[in-house]
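Q: Can you walk me through this one? Keep it short, please.

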Amino acid sequence: MKILENNKGVSPVKLIPIGGLNEIGKNMTVLEYKNDIMIIDCGLSFPEDEMFGIDIVIPDFSYLIKNKDKVRGMILTHGHEDHIGATPYLLKELNIPIYGTKLTLGLVENKLKEHGIKGKLNTITAGQHVKLGEFKIEPIRTTHSIADAICLAIETPAGVIFHTGDFKIDYTPVDGEPIDFQRLAELGKKGVLLMLADSTNAERKGYTPSEKTVGVALENIFRGSESRILTATFSSNVHRVQRIVDTAVMFGRKVAISGRSMVNVVNLAIELGYLKIPENVLVDINKTKNIPDRELVIVTTGSQGEPMSALARMASGDHKAVQIKKGDMVILSSSPVPGNEKTVSNVVNKLFEKGADVIYSDIADIHVSGHACSEELKLMQSLIKPKFFMPVHGEYRHLKQHAFIAETLGKPKENIFILKNGQVLHLTKDSVVMSKEEVPASAVLVDGLGVGDVGNIVLRDRKLLSESGLIIVVAAIDKASGMICSGPDIISRGFVYVRENEDLMNSAKMAVSARLDKCYGEGLRDWAGLKNAVKDELKNFIYEKTKRSPVILPIFLEV
């Protein structure tokens, strides 16, 4: 892989991944040429286990804010959280036009309302060209696990860049709108300089099954059941919801919707015409008690075991309108996102304990992925025939496997680029090379209303607090003499139960008091020195007695 030293006399097109590489989620890519910048997607990811208290993770916008006068707009490939979830946070910094298909922008608009902001939203359709400065973008119809997904052919001064977005090749999609193979083949024939392609399922062999296979599995489950049926899936998977509704209608069942995000998306999809539900089929979740079990289907959020989701509250008995009872049939129409396996397992166990029959992806074909497996990735490569290739959207192992797939199709290794977030590719006519330049692309943590104010030091403290607890030492010290007037008192949180460990607490007080007396005798009056002395004394004492290392916080009051 070549490293570019400079571009004397040539203005390259810069391609900068801000997020989505070596990770799942937080997808964001920037294209820059001279005084024009365009953005592809603006997603979030969910916090890892060690990110205590963090709500979501968003990309680092600092490069875009620094170059805000160059930003001409953003185009969104589809409406999943990992591609649109950080949009409100970006718009608070940059008031830029946003382009996307009808359903995608409907979901974005709901997000903006929640944040109390407005955006310049521009609806586009497949085949309609958009010009953002020097970039001319053609959205092309593709298939994914959400309606209205597009891939992008972008004409740049260096050549055509093709971005697959998230995709799978579904020959029989629920909405009857298959991927536009003809246009993809035309692009490949015309010539594509660089392709960026979804790598999420690169490790999986074969093909991703069609969404229609889920419909067949659901029919078999519904046909054999006289029970109330509860189906949990992703709220954004409108095609899956349509399948569930169609199957319910087929077997004469009413449908109730539970979960705030599911209600919002269903209402939006009905309004925009992406979800077709016959009259008198939908019923209010709060008015289902008088409907016989064999005539009711409840569609709910919570397929990932999220603690506050509707299904989790049902499993815990905390849901206002729905109580799980013996004989209920619960279908988890999704597979756990990596990292969520334990939370999903907990919900499944609670449902079984309450007497429900639970069907999940391990025991029935009630979920298919929205991402292309290896054979579909090969087909996309063969259609587009890019000169250079860059795998995106995946952890390092996914990117590496996708690169290997490209090699098996004859792509030279030097024409394949596996990047990290923040690295910069320079594109000129007939060449793509890696620059030494890097831009800021670290993860920005969102905690409540705070954006980016929680960093590694705060996370480290939260980790220590979670592991060993906290001890606070409080003492009042005479300003003039430096002698202790009151205390020291010791307060413990998350360390030991004080009432059952009074001897330990009293001994700790005595150790701290003796150390303060020693400091006084040595003439130490500096408060920072006193605090460090107390911390060292108590740390050693506690570890000797308990083999634990709690966080120790001395507080001195001056009187």
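A: Let's begin with Leu557, which is found in strand β27 (residues 551-558). Strands here are DSSP runs of E with at least two residues, and helices are runs of H or I with at least four, numbered from the N terminus. This is a predicted model: local features need pLDDT of at least 70, side-chain atom pairs count only at pLDDT 80 or more, and totals for chains, interfaces and linings use all residues. Residues are numbered from 1 along each chain as its sequence is written, and side-chain values use heavy atoms, with hydrogens and water left out.

Q: Is Leu557 buried, partly exposed or exposed?
A: Leu557 is partly exposed, at a relative accessible area of 44%. Buried means under 20%, exposed means over 50%, and partly exposed is in between (1.4 Å probe, protein chains only).

Q: Which residues make the nonpolar surface patch?
A: Leu553, Ile555 and Leu557 make a patch of about 230 Å². Patch residues have over 30% relative accessible area and no salt bridge; like charges are joined within 9 Å, nonpolar side chains (Val, Leu, Ile, Met, Phe, Trp, Tyr) within 5 Å. A salt bridge puts a side-chain nitrogen of Lys or Arg within 4 Å of a carboxyl oxygen of Asp or Glu. Areas come from the Shrake-Rupley method with a 1.4 Å probe, and for residues only the protein chains shown count as cover.

Q: New topic. How many disulfides are there?
A: The count is 0. A disulfide needs a pair of cysteine sulfur atoms within 2.5 Å. For Cys373, the nearest cysteine sulfur is that of Cys151, 18 Å away. Cys373 is buried, with a relative accessible area of 5%.

Q: What is the strand order in the open sheet?
A: The 6 strands run β9-β10-β11-β12-β13-β20, with mixed pairing. Two strands pair if DSSP finds at least two bridges between them. The edge strands, β9 (130-132) and β20 (386-392), each pair on one side only.

Q: In which sense do β12 and β13 pair?
A: Strand β12 (residues 159-163) and strand β13 (residues 192-198) are parallel, over 3 bridges. Phe162 stands opposite Met195 in β13.

Q: And where is Val446?
A: Val446 sits in strand β23 (residues 444-447). Val446 is buried, at 1% relative accessible area.

Q: Last one. What is the phi of Asn22?
A: Asn22 has a positive phi of about 60°, although it is not a glycine. Asn22 lies in the loop between β2 (13-19) and β3 (28-33).
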